[in-house]
Amino acid sequence: ALGDLIDAAEDTYLADGSFSAERMLRYWGEWGHRLFVAEGRTFARAASDMSWAQNVLTGPLVEDFMSYEVQATRYARAYPQVALCFYDLEKFRGDVIIPALKVHPKVLFGGMLLENPYFVDPDDL
């Protein structure tokens with residue numbers, strides 16, 4: 001169906017060989033505009049397997065990436081949608097998982113969707 005797609009990390013998050021927050025926010029904005037404005041959809045789901053970032057997010061890049069995640073959370077609220085970011089706990093250490101927890105309002109843990117007690121609203125950051 002129109003609007004249904006699977007894009008590889010190499011074509012989105014790592015297009016041009018590296019991560020760019022501006023490019024990804026533009027990608028999500030165009031995706032939302034196409035589905036909700038151009039196609040008139042009333043609901044959407046987006047899921048991102050964050051495994052691509054396992055060897056990319058190190059040191060100061062973690063903070064830059066989490067700034068992107070804050071903006072992505074704002075974007076996700078702009079449309080009637082469910083957006084999921086999947087972080088494999090066996091692939092990421094606390095230096096990524098702890099900051100990721102702070103920028104996501106809910107967590108899927110043990111098969112249950114839970115309110116995230118560590119979430120800090122983007123408008124409060």
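This report describes the fold, the aromatic residues and a surface patch of a predicted model.

**Overall fold**

The protein chain contains 3 helices and 4 strands, arranged along the sequence in the pattern α-β-α-β-α-β-β. Its C-alpha trace spans about 40 × 35 × 30 Å along the principal axes. Of contacts between residues at least 6 apart in sequence, 58% join residues at least 24 apart. Buried residues account for 34% of the 125 residues. The chain exposes about 8,000 Å², and carbon and sulfur atoms supply 56% of this area.

Helix H2 covers residues 60–77 and includes Tyr-68. With a relative accessible area of 2%, Tyr-68 falls under the 20% cut-off and is therefore buried. Leaving aside residues up to four places away in sequence, Tyr-68 touches Tyr-13, Phe-19, Ala-21, Met-24, Leu-25 and Trp-28. Val-103 is 35 residues from Tyr-68 along the chain, and the C-alpha atoms of the two are separated by 9.7 Å.

The model has 14 aromatic pairs. One of them joins Trp-52 and Phe-65 in an edge-to-face arrangement, with 5.8 Å centre to centre and 75° between the planes. Trp-52 lies in the loop between strand E1 (44–49) and H2, whereas Phe-65 is in helix H2, so the pair ties together parts that are 13 residues apart in sequence. Trp-52 is buried at 12% relative accessibility, and Phe-65 is buried at 1%.

Ring pairs also link a cluster made of Tyr-27, Trp-28, Trp-31, Phe-36, Tyr-75 and Tyr-79. Trp-28, a member of this cluster, is also among the residues that Tyr-68 touches.

**Surface patch**

A nonpolar patch on the surface is formed by Phe-43, Val-82, Leu-84, Phe-86, Leu-108 and Leu-113, which together have about 550 Å² of accessible area. Strand E2 (residues 81–86) gives the most to the patch, with 3 residues. Val-82 is placed in strand E2. Its relative accessible area of 37% lies between the cut-offs of 20% and 50%, so Val-82 counts as partly exposed.

The table lists the relative accessible areas of the residues discussed above.

| Residue | Relative accessible area | Class |
|---|---|---|
| Tyr-68 | 2% | buried |
| Trp-52 | 12% | buried |
| Phe-65 | 1% | buried |
| Val-82 | 37% | partly exposed |

Notes: Residues are numbered from 1 along each chain as its sequence is written. This is a predicted model: local features need pLDDT of at least 70, side-chain atom pairs count only at pLDDT 80 or more; totals for chains, interfaces and linings use all residues. Side-chain values use heavy atoms; hydrogens and water are left out. Helices (H or I, at least four residues) and strands (E, at least two) are DSSP runs, numbered from the N terminus. Buried means under 20% relative accessible area, exposed over 50%, partly exposed in between (1.4 Å probe, protein chains only). Contact means heavy atoms within 4.5 Å. Rings of Phe, Tyr and Trp (its six-membered ring) pair if their centres lie within 6.5 Å; planes under 30 degrees apart count as stacked, over 60 as edge-to-face and the rest as tilted. Patches are made of residues with over 30% relative accessible area and no salt bridge: like charges are joined within 9 Å, nonpolar side chains (Val, Leu, Ile, Met, Phe, Trp, Tyr) within 5 Å. Accessible areas come from the Shrake-Rupley method with a 1.4 Å probe; for residues, only the protein chains shown count as cover. A salt bridge is a side-chain nitrogen of Lys or Arg within 4 Å of a carboxyl oxygen of Asp or Glu.
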